[in-house]
Each structure stands twice: as C-alpha cells, then as structure tokens.
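Subject: Structure for you to look at

Hello,

Here is the structure I said I would hand over. Please open it first and then read the notes below.

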Amino acid sequence: MKLKPFIIALKSLSFHLRDSLYQAAIVTVLTAIICGSLLTGHSVRVSLRRNLEEKTGSADLLISSGLRYFNASLAGNLTGKSSLRAAALTETGGYCTNYNNGETALDIKIYGVESSFFTFHGLQISGLDKGSVLVNENLARKINLNQGDEIILGFSGIDPLPSNAPFAPGENDKGSGVFRITGIIRGSEGGNFSLGSSQSQPYNVFINPADLETDGALHARANRILVEDDVHSTGSQVNDYLKQILIPEDIGLSVRVSERTGEAELISDRIFIDSAIVRAVTDIVPGSAPVMTYLANSFDINGKSTPYSFISALSEAMPDDIEDDEIIISSWLAEDLDAGPGDTLRLTWFDPGGGKSLKESGAAFRIRQVAGADFRYLDPSLMPEFPGISGSTTCSSWDAGVPLDMKRIRKKDEDYWTDYKGTPKAFISYRSGLKLWGNNFGPATAIRFSTGDQETIIEKLAGNIDPSVAGFSVTDLRVRNKNAYSRGVDFGMLFIGLSFFILLSCVVLLSMALKLFLDSRKGEIRTYYSIGFNNAKIKRLLIYETLLTAIAGAIAGSVLGYLVNYLIVNALNSVWIGAVQTDTLAPAFSVLPVASAFSAAVIIAILVVLIRLRYFLKDLSHGSREIFRNAPAWLSLKILPLVFLPALALLLLSALFRDSSTALAFSGGILLFAGMLPAAYLSFAARSKKPGNQSGIYYSRYPLKAITPIIFLAAGIFAVVITGANRQVITGKMLLRSGGTGGFLLWAETALPVGQDLNSNRGKAEFGLEVEDLKDITFVQARKLSGDDASCLNIAYVAAPPVLGIDPATIAERGSFSFATSLRNAKATNPWSLLNENPDENVIYGIADQTVLQWGLKKKTGDTLKYVSENGQLLNIVICGGLKSSVFQGHLLIGKQAFEKHFPSVEGNSVFLVDGNRDMADLYRETLTDRFAGYGISVEPAYEKLASFFSVTNTYLEVFMMMGIFGMILGVAGLGFMLLRNFNSRKREFAFMIASGYTVKRIRKLLLRDHILILLWGVLTGTVSAAASTWPSVAGGSSISWGMFIAMLFLISLTGYIVLHVSVNSIDRKDLISRLRAD
Amino acid sequence: MLRLENITKSYPQRGMVLSELNLMMGEGDSIAITGPSGSGKTTLMNIIGALDRPDSGDVLFRDSSILQMSPDESARYRNRNIGFVFQDHLLLPHLTVSENILLPASAFNITTEEYHEKMSYAGMLMEKTGISDLRDKYPYNISGGEAQRVTLVRALINKPSMLLADEPTGSLDSRNAGILGSLLAEINNELGISLIVVTHSGSLASKMRVRYTLEEGRLIR
C-alpha cells in the first residue's frame, strides 16, 4: 500500500502518543473554557428567555395606553372584531406592608385584574373579590406573607384626571387600603407576570380593579390589554382593529348637547382635551372648533372686583376682528364692575403650567362689548366638569385644587352660582385663551360642533380616531423579549474575556509544547527534508498530525465544556450572583456554541502550529542550529540603574502628586517590571561563573529559557493584582459635587409620586420639614416615567430606560456630576443647559450614564432614543451627554419642562436627591423615611446607591481574578510538565554529570534550586511591580481582596514547587546510567 | 557532473569553515573526504545536498546551479539525484523498515505502477544488503549496523546520481563498518552511482578512488 501522508501522520501520532496526549490535554482545556463560556452565554439567554416568557405568559402583544386609561370593555370588543383573545388589566405601582410585622416591600407592581386575566393565561383562578388580593411567591418571601394575612397597599389610584392637572381636586390620586391575601401564586402559575424586560423577579399583587378606582367611575377602566396572537398579527394590524372598534367613550370622551345653544360638544373626563385629539377630531368632523373655559381668580376694574368666575375662549362666536386684548363681558359682570365698552379690566388666574406652585398671572383687556342676556354663549355647559366644582351647590364648597379665598365670595356670587352655575362671565378669542391657558394637558376644554347632532358626531368619530392620539401603542412582546434576551449582556464573550488568562496559558503552553515536540523530532524532519520532502509536504504531514491531536482534544473539551458551563451557571446563581442579580439561571445545551468552541479551538491550535512550523522549518531549511547566544552588548549591569532610578523617581512623585498618583505609580510599576527582567537575565547569565554548579550552566548558556517562564509568571501576577486593585469602591472624589454622587447626601425614591415641591414653604409645611434641624435640607426633585432598569444590574437588553425629568439649571449651578462625553458642535458647552432646549418639534435632549449608553443601550452621544409621548407622538431624545459613573445609572435624564410637556399625567416627583448639612444626614434619612412612609419611600446614602452599581463590576473583577489565578496555576503546572520533557532531552547532560561524580540526589537538588529560583524571580517580579503600581489604590482604601491575593501567591508557589519536585524526581539513576553506557 | 566553485561558508561562532573551496567530480566517481573534527566536512556535504547554502561561490550539478533553485526544485533535486547516508541512521521510528525505505517515493506523486516498481527494486536492494528479513520490523527493533544498511537502501530507492555519506560507519563496530564500506564501494562500481564519503576511517577512505583532506577550508588531495 502506498504511504499516504495521512497514514504517515496517523502512524507518527500513535508512536508519539504521550506528547500528543499532552497537546490534546491543552486543547481540551482550551476548548472546555471556550465551550463552557459560550454555553454559559447560551444558558443565560435561554434562562432569560424562559424568565421573560414566563412573565408575559400567554400574551404575545401588548396594547398599552401608557399613563392614561380606557374602558376595560375594549378588550372584549377587540376579541369580537379580530378573534384574538384579549384581556384587559390595570398596571400601577405602589408599596406593600405586612400588616402583622410591618415589613414593607417598595417598588411593587399592582395589577387590577378580572377573572378574564387568569382565564387568558389558562389558570384555574377565579376573579378576586373586593378587598382580597393574590401575591406572588417573591413578595410573600420578601415580607413573610402567608395566605390569610393582611397587607396594607399604597398605590397610584385610577383616575383619568391627573391630580396635577389645573383645578384637579385635592391631593394626588394616592390610594391605599388593607387587603387580605387569598392566595400566594408561584411563578409557574403566572405569579411573576410582568411586562418589563428584566431578569429580576417582580413583587406582584393582583387585585380587583375596582379597588384601584379612586374616582368612583361608572365603568371599569384599564391601561393595558394583553393579546394572544396565534396568527402572527403585526402591531399595525392590531392597531387597525383597535381603531375600528374605538369609540369616544372608550377613551374618556363624551358628546353632549348644550341646552342653550343646541350645539353638540365633545368633552373629556381629563377636563383638558389633548392637542392630538383636538387635531384629530377637528379633522374628522368639519365645522368643529375648540373651546377653552378657565377659572379667573378675579376681574378687577377701578377698585371693584368680581371673584372666581369662569371665562371662555371661543373661536366661532367671537367677532372676526376681535383683538387679542379685547374681551366681551356679560351684562351681569358689567353691572357688578360698573364697567362698559372701552373700559380696561384686569383679569387674574392661576398659571396652568405652575402645577401646585400656584403662580398667579394676569392681563389687562379692553372691553369690546357687553353681552346681553340673549348672547348665545352665556351657556353653563361651557364650564368644564371640574370634579370638585361642577357638583357643588355653593361656591364656598368648591374644591378647585387651589386655595380659594372664600372671604371674597359674596352673596351675589353664590346667587349667580345658584342661578347660572358656571356660566362664563366673559369671553375672549380662542387664540388669546390658548396663549394664556393652553397647557400640557391640552389646548381645549371642549370641542363644539356647529352642525350635527350627538349621535351623528359619535358615529363620525367611532372607528376614525387613531388609537395613538389617545396614547395607545402596540408592542410585540415576542419581538421585545427576543431583543431583551438576545441583545442583552453576552455572557459567552464575557466569560471568554474573563478566562483570558486560562486561554492565554493554554496558547502559551501549546506553543511551548509544540516547540519541544518539534525540537524532539528535528532529526525526523531533517530526514524528510533530506530525502526530498519539500516544506509544504512536511508541513502538511505535521498539520495532519496536530490537527488530529487538536480534534481529539477539542472533542474531549466540548464534553468538558458542558461541565464548565454547569459550574459557571451555578456560580452565577450563588457566589457570583452580583453579576446577574438572579438565582434562576439554568445550564442549557446547544450544538451551535459547542460547534463554535470546537472550531475556534481547532483553528487556534492550527494557527499556533502554523506559526511554530513556519519558524521551525525556516530554521531547519536555513541550517541554523540551536546555539547559545551571548547577552547583547547593551544588556549589562549598567542598564539597571537607568531603569530602576526612573522607576523609583516615578514612585516618589506618585506620593507627592496625589492627583496623578495612579498614573505615576502605574508607570513606576511597569518600569520596575521592565527592570527586573534584565536583572533576572543577568543573574542567570552570571551563574556559570559560580563553581560547583554544573546545572546552573544550562541557564547561564540559555538565560532566555529562564526568562520566558519568569515573564509568564510575573505578567500573570501583575495583571491579576492590577485587576484586583481596580475593584470599584467609594472614594472621596465620588462624594464631591463633580463625583458620581453629585455631592448629594441622600438618594430617595418613592413608590408613589409626591405632588408638592419640597423646596417650597408649602411643601415643607405639608410634610413637617420646617423644623430647625432640617433648615439646611434641599432637594433636587425628579419626575419619573417608569421603564426597565438600564443599569448594569439588568442583564436584559433595554431599549427605553426610565426617564427622569429634572431641573437642569439646579444641577448645572451646583456643578454636580461630570461628563465622560458630550455632544460635539453643541452651541452650549454644558450639556445640562441643552436639556431646556427644543431643537425641533418632538425632539429634545437627554443625558445618561456613559456606561449605560455604551453597554446597556448600545448608543453614543449624538444618537437618538425613541420614546412615545403620553399623547402617542413620537418623541426623539437626542443624547447630548454621557455622565461619568453616577447615581443616575439606569435612567435617562431630560429637562423638567420637556418632561411635563410630554408626560403631563405624571403626578409628581418620585426621585429626590437630598443635600444639606452632612452631619445631619442620618436625621434627614430618618425624617424622610418617617414623613413619606405613605408614599413608599426608600432613602439611602447617595454613595451607597452609587456603590450598588459597583457590585456587578466587582463581581466580574472577582471572576477575572479567580480565572486568572486558575490560569496561572494551570500555566505553572503546564510549565512543570514541560520541564519533564526538557529534562528528558537533557539526559545526556545529566549522564555526563553522573560520570563526573555527581550523585542523582545532588543533580536533583541543583535542578530544584535552579528552577525554584525561576519561580521566585517570577513571583517576585510580578508582586513587587504590581505592589508598586497599585499602592495609591491600596492607600486610597481600595478593597483589594488580600485573601485572594495571598491565596494566589501561595497556590502558584505551591503548584510550582510540586511540579518542580515531580519533574526533578523523574530523573532516574538507572536511566542515566544506561544512557551513559549507550554513549 | 558536480562542480563546486569558490565555495565560502562561515558561522558566527565558528568563523570561516570553507574558504574558496573548489571540487570537480565526474559521473561514477567516488571521493573520500577526511579531515579533523570541525573542519567543515558535514557543512560541505550539506551544501552539496542543498541542505545548506554557501556564503559565496556556486554549486553546479550537471552544469545547473543548485543555488538558483526554488525550495521545491531543491527538494526535487534531493529526491531525484541525491541519496543521503548519515552517521545516525535517522530512520523514522514510527515506520517499519520497508516503509522507511519507500518513504522517498512518497515525497512526490508517483503512479501506482511506479510505486510497485520501487517496491520490487527495494526488495532487490534489501536482498543485496542482507536485510530482507527486517522488512516489517521497526527501527528500534534492529541493530545499528542493520539500521545503517536500511538507510543505505532508502538512499538508493530513487536511483540517485550521487550518494552522500556523512560518517556512515561512525557509529558502527568494525564488522558492520566493513560490511557497509564494501556495500558502498560495490554500489559505486556496480550501479555507477557517484559517491562522496566523509569519514575518519582510513579503511573506508581507501575504498574510494579519490581522497581529499579538508584543511583550513580547502580540499587538499
């Protein structure tokens, strides 16, 4: 049979089995690590997918009305229209307290659900009675709840009229009550239902939706519809179905007819009608026009004043040529003020944009006309249905949401109310009214139709209003979930990165093993060469051989990879939980990661082989021989001061210049490292001069052979220590205003929004913060639009993180926080100032943490994040700055004004950055915790908030260190076995030593001493240079893991000693004697 | 057939090894080269066999410079024209004796017919050198003298024009050295293969028609 190269390679492989097994073992480890890492990435994705799918249950699509509510019957109507199964629910936030032990869980989700919700998910749970709730296991575990226990729930109640809307009555829509737990439901039973994208298990309460209503509505409201979609409908198809079934009543709009004018008008249960709806309706129904009726605080003229009257801004009924500063007043008002045409009266009102700040504005108007009793628009129905006003029997019983001076109300005012209710006393042009009272909630209090009756109008509107204008959006949960688990943190690549040292060790060992292997076969290869095999053919033979070895190793590694995956996943669920914030990961298997790891390992092995072979064959064909080389001329003792003195100088400077100490010390450490290597080289090169050490001559002839393992050891130790010293801890810098805490003392967050401005006297008085001890306390307050946490604590991909609306001027004035990146070519140098700008319609600026931008959102400064504003309009948020690591991690910051414009229904502030007297921080914390208990407040020092984000990074560093140590140990062990092979090739030398009178024991002792010296040089070089590099971090309080560091040095030294001991003991006397005899 | 012109070769550690060396060799000639250790004998053999390159000068084989050859042409030159016999037999330990012998036939693609021809030629040579019964043995199962004869057969399998033997009897006892020396001379005489032998052995050198001593980098007759 002809000798084919493959056959020759197979025969060679079986002959050199021991060497091949060693190489295969290295490839096995290499493959196992890559395969284990990739399988871990797959396991995390599978677990995350399972987690997200369990949370969304049977829901494939989500119809959300955002911050608004709709008629819950819409879900049934949708099913009727589309045959898609649907269930409505109300999602709101709040807090939950165990009535028995007082334990409280903040940031819980409360779902108002009917029995249809459980049926939708295929669960055998009937609907909930009023006063009873179901909680999920996670919440029950957190605050020790059992079936039958009572809980106190605080929540944002369902009321279509936001409490911060102009003239909304009383306090915000904070609801609370005591409820009895009728059951605890497991995750598998839908207990972990969530519409968010996060691996964390939610705290859920399921409640009868009627218990969430705070306005006594006639029909059930909801803000979400879950849709099961077996036919793969698109979002736009579902939106079309929704449009077809949507009637005004579903979104809180109603049409009534004015008894006085006979006109039909559209009004909203939100009082103000959103601009998008006004536009839509006026487009759909020709001859319709918006109307704005507002409450004036007073009409004043010549010392006479009429208090608390309504005034309407009309477009249709007003003369065409009415000026903006002209007003038509009723004869009643003219009489009361003794005013007539041409007179100027002053009008005052509470600014609608001021929220609860009660800023009063005013304007002067020239009376154009006094309207007689026959004036068509002396119409009581023009007054909006203000909940605290319209049902009142007297003016003095109004609850207008603003403080009214009841002393000013006269008997004639009460009589007017009794006779005419809210009939406006004055009229201005709509244009002027819009200018004065147009607000974020809308530009109209009604839309009047000049033609058409009630039914015709409703018919025209039904099926023609685009759902998006009412805030509806349709999300494909399947797509969103897929994005969340597939575009989230890639743990596969992460663990490959964290296992860098192990992989590097494997590559280095494989390279060295191959070199030894090829060197030991030099004779064979010379034979091939001499009998006419060309380089390509020799290379092919060796590649076949190493390929077979690599494949065998890779197959074994692929099997072991699953074990590595199992270990990593279990570690992530327990000791490394800081990296994933969940213990629900499960190991999973897939062919693709295994095949990828297999291919990668084989390719790496082949690349190493090719590189090695290239040099080997080049040397061989050029006839070069292994010769010892004298040290280069420049490498002498004289060079050492040139390296060590600057290193010491840099270290000295690092002690003097604290601001640059890290960079200086690191440079000093690197120079020390660079200096110790030639020192070691010269030390080994000089060993031949010492008498009586025959073994030392070897390394004096080949000092590079000693330096290579020294570099490996030293570089490994250096890198592991440097990495360990990078553990993130709170430093003094972070407490400064320019640091990550912004100089704030506390970070507080409430489950329910707080409507008052806590910096105002009224706000402080409301919560008892006016006491002397709290005189220095100040707040930076932020409104919050819920979203999925985009901080490093969430491993799922998040496209739209929670938005905070803050006052950027306060932050900019304080000089709080620092930017890592900012928008180029921006006119303003400070990104904070951009938050008040509106570059275009529906375009605003935003700021986020740079790490969140880069890793979480995968965006950069200048990119745009797409949001949908409350009224369904697309909102483009252009990132104008990336903050250095800050307490805002996970959030997107926009200006307060922009927030209120685009999300007006958010009723107050939920995030508070607290500053004041640092010594009083504990008192602040206790006081706020106490005073805002009803809002579900959590207060923590700002530095602790910042530090909570470090847990992820620090866990990764810990993993990297552990993997690094494992890699080092593996490398040291591998070097030891390499030494075995080296001793094997030096048998002749040892045999001659025996012949010269050395005993085997002495040879072993000398070899052990030489190699321990190499080990010590490596450990010393790495430790000393790393210690020098990291001393500023250590001195600055870096929580370097000393235990792990000492364990590393101990394990490396111990492993090194054991493998050296084993290696030198492999030198066998009989073997050497027989070799001597043979020679 | 072979002409070496002004060959010079030096090594950094050893200095000048060959200096302006010239050599002429005709078809079927046999040359013995002797000289002290380190005088450059092996270097000279490696240069002739295209295993090494001189610093200057030229090596002409049948009037073509082997120094101008590409690596592949060089390999083909060794495979087709040169047979090497080293002091250490350098047999591949994982191949049997017959596989080792036929290995040069696998260096380039040949037809099955050619391969069978080489197999029968190998059988004849093995018969002639007295190693027929070693055919299926591995190199570690045969003696040094037998291994050296296997090497000789392997060197002859492609019917080379020239045999380069570097200390072929250096590691053999006198009996085996005698057998191998006779075989080399016989092959030179019977097969007409040119032979260059580097040796310390006066007995082996005496079997060659021309004898040179390599001194100070030059060949002295």
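I will start with a pair of helices in chain A. From helix α14(A), the residues A:Phe501, A:Ile502, A:Leu504, A:Ser505, A:Val508, A:Leu509, A:Met512, A:Ala513, A:Leu516 and A:Ser520 meet a set of residues in α30(A). On the α30(A) side these are A:Met963, A:Gly964, A:Phe966, A:Gly967, A:Met968, A:Leu970, A:Gly971, A:Gly974, A:Met978, A:Arg981, A:Asn982 and A:Ser985. By class, the contact of α14(A) with α30(A) has 13 nonpolar, 8 polar and 1 charged residues. Helix α14 covers residues 500-520 of chain A and helix α30 covers residues 942-985 of chain A. Their axes come within 8 Å and cross at roughly 10°. Angles under 35 degrees count as roughly parallel, and α14(A) and α30(A) are therefore roughly parallel to each other.

Please keep in mind that this is a predicted model. The mean pLDDT of chain A is 87, and 95% of the residues in chain A reach 70 or more. One stretch to treat with care is residues 624-628 of chain A, where pLDDT stays under 50. For that stretch the model has 4 contacts beyond four places in sequence. Where pLDDT is low, the predicted coordinates should not be read in detail.

Chain B has an open sheet of 4 strands, in the order β2-β1-β4-β5, with antiparallel pairing. Which strands are at the edges? They are β2 and β5 (64-65) of chain B, and each pairs on one side only. Helix α1 (residues 41-48) of chain B packs on the sheet, where α1 touches β1, β2 and β4 of chain B. The direction of α1 makes about 125° with that of β1(B).

Now the pairings of β1(B). Strand β1 (residues 2-11) is joined to strand β2 (residues 15-25) of chain B by 7 bridges, and the two run antiparallel. β1(B) and β2(B) form a hairpin with 3 residues between them. B:Tyr11 has B:Gly15 in β2(B) as its bridge partner. Strand β1(B) is also joined to strand β4 (residues 56-61) of chain B, by 5 bridges, and this pair runs antiparallel. In β4(B), B:Val59 stands opposite B:Leu4, and B:Phe61 stands opposite B:Leu2.

Last, the contact between the chains. How many residues does each chain give? Chain B gives 27 residues and chain A gives 20 residues. On the side of chain B that touches chain A, the elements that give two or more residues are α2 (71-81), α3 (97-102) and α4 (112-129) of chain B. The largest share of that side, 6 residues, comes from α2(B). By class, the side of chain B that touches chain A has 13 nonpolar, 7 polar and 7 charged residues.

Regards

Conventions: Residues numbered from 1 in each chain as written. Chains lettered and ligands numbered in written order. Predicted model: local features only at pLDDT ≥ 70, side-chain atom pairs only at ≥ 80, totals over all residues. Contact = placed C-beta atoms within 7 Å. Nonpolar A, V, L, I, M, F, W, Y, C, P; charged D, E, K, R; others polar. Pairing = 2+ DSSP bridges. pLDDT = per-residue confidence, 0-100. Axes fitted to C-alpha atoms, helices over the stretch in contact; angles between N-to-C directions. Parallel < 35°, antiparallel > 145°, perpendicular 65-115°, else oblique.
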